[in-house]
Amino acid sequence: MSHKATNWAIQQRGLDPAAKLVLWHLSDRHNSDTGRCDPSQDRLAYDAELSRSSINRKLRCLEEAGLIKRVQRLDPKTKKVRSTSYLLAMDNDFSAPHSDTRNDPANQAKPVSQSDTRPVCQKQAEPCVKSCESRVSNWDTNLVREPLREPVCGAEPPISPQIAFEEFWRIYPRPRDAEASEKAFLDAIAAGISAEEIVESAKEYADENVGNGRQYIAYSDNWLKDQRWSEPRREAKRADPSAEDCFEGAVRLHAKRILEGRKPFGCEDKHIHKMLELGLVSAEQIRSVGVSL
């Protein structure tokens, strides 16, 4: 979340309420560190409780008002259309050519001109929701008009892994290589890890590193590949154990990583001595993962 961007959105006047709501949610997805703003249309529709066709109409109104610019993006490998990237009028590079920092410059991102207001997700220049050629129905995600199928107090519908990854990418303090990060994120979910657990752990990791130099923060792809959401700090924070219990838990986690053939993070001499004392690993196994004795 960018407080600067949301405050800017609130200050805009002369918009109809739905358009202002969409602008606010766009600003809420703005990353103040990277300047990125690229929520999917499903995400915007879910947040604003509007249909995707309504989202497209409001985005066009915002663009005609000079408040945003839409940037169509292609995957450089598959040439498939990816989620639209947005520039806000408050951005420093609003008037400059936009490039997608999550992918290679070959991504061929280009701003959508005023004369070409065709929504990315629909085929016609002036899409009609009654047309069989339109891929977006006027009722597809409008939660207000659709009849309720569950009690109001029931559980919220699960968020898709792709939307969960967008949330992870937005809050992680040092993002890098979106393609590799997303693959590691989805692989973890396929292995049975809860997306909410990963996102919550990333939030805790970001909070823990407030004020730390970026050189001390792991890149997002490495953090995910090394499964650092399972580090003992999360259990220690929840259960509030003693320092001795924390130390023993860290020793056993380091030993587990060594037995799996992975180098443990933050392994100190005192941990090594305790592992050897308890017979959890051997000196040869410790050396085999690159830890010196």
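**Close-up views of a predicted protein model**

**View 1. Two arginines and the ring of Tyr 219.** Arg 176 lies over the face of Tyr 219, and its distance from the ring centre is 3.8 Å. The charged end of Arg 174 also sits over the ring of Tyr 219, at 3.9 Å from the centre of that ring. As in every view that follows, the model shown here is predicted, and the distances are computed from its atoms.

**View 2. The whole protein, as a guide to the other views.** The secondary structure of the protein consists of twelve helices and three strands. The chain has 293 residues, of which 40% count as buried. The structure holds zero disulfides, and two of its cysteines can be described by their accessibility. Cys 37 has a relative accessibility of 1%, which means that it counts as buried, whereas Cys 61, at 36% relative accessibility, counts as partly exposed.

**View 3. Helix α2 and the elements that cover it.** Helix α2 covers residues 17-28, and its end C-alpha atoms are 16 Å apart, which agrees with the 16 Å that its twelve residues should span at 1.5 Å a residue. The buried residues in α2 are Ala 19, Val 22, Leu 23, His 25, Leu 26, Ser 27 and Asp 28.

View 4. Helix α3 is mostly covered, with six of its eight residues buried. These buried residues are Gln 41, Arg 43, Leu 44, Ala 45, Asp 47 and Ala 48, and what covers them includes α2, α4, β2 and α5. Glu 49 follows α3 and lies in the loop between α3 and α4. Although Glu 49 is not a glycine, its phi is positive, at about 55°. With a relative accessibility of 40%, Glu 49 counts as partly exposed.

**View 5. Helix α4 and its packing partners.** Helix α4 (residues 52-64) has 13 residues, and from its first C-alpha to its last it reaches 18 Å, close to the 18 Å expected at 1.5 Å a residue. Its buried residues are Ser 53, Ser 54, Ile 55, Asn 56, Lys 58, Leu 59, Leu 62 and Glu 63. Against which elements do the buried residues of α4 pack? They pack against the helices α2 (17-28) and α3 (41-48), and against the strands β1 (68-74) and β2 (81-88). Just after α4 comes Gly 66, which takes a positive phi of about 80°.

View 6. A pair of aromatic rings is described by the distance of the centres and the angle of the planes. The count of such pairs in this model comes to ten. One of them is formed by Phe 165 and Trp 169, whose ring centres lie 5.8 Å apart and whose planes make an angle of 40°, so that the pair is tilted, between the limits of 30 and 60 degrees. The two residues are four residues apart in helix α5 (residues 161-171), so about one helical turn separates them.

View 7. Asp 177 lies in the loop between α5 and α6 (178-190). Its phi is near 55°, which is a positive value in a residue other than glycine. Asp 177 is partly exposed, with a relative accessible area of 40%.

**View 8. Ser 282, in the loop between helices α11 and α12.** Ser 282 is found in the loop between α11 (269-278) and α12 (283-288), and it is partly exposed, with a relative accessible area of 29%. Ser 282 and Ala 255 are 27 residues apart along the chain, and their C-alpha atoms are separated by 9.6 Å.

Terms used:
Residues are numbered from 1 along each chain as its sequence is written. This is a predicted model: local features need pLDDT of at least 70, side-chain atom pairs count only at pLDDT 80 or more; totals for chains, interfaces and linings use all residues. Side-chain values use heavy atoms; hydrogens and water are left out. Buried means under 20% relative accessible area, exposed over 50%, partly exposed in between (1.4 Å probe, protein chains only). The expected span of a helix is 1.5 Å times one less than its number of residues. Contact means heavy atoms within 4.5 Å. A disulfide is a pair of cysteine sulfur atoms within 2.5 Å. Rings of Phe, Tyr and Trp (its six-membered ring) pair if their centres lie within 6.5 Å; planes under 30 degrees apart count as stacked, over 60 as edge-to-face and the rest as tilted. A charge sits over a ring if NZ of Lys or CZ of Arg is within 6 Å of the ring centre and within 35 degrees of the ring normal.
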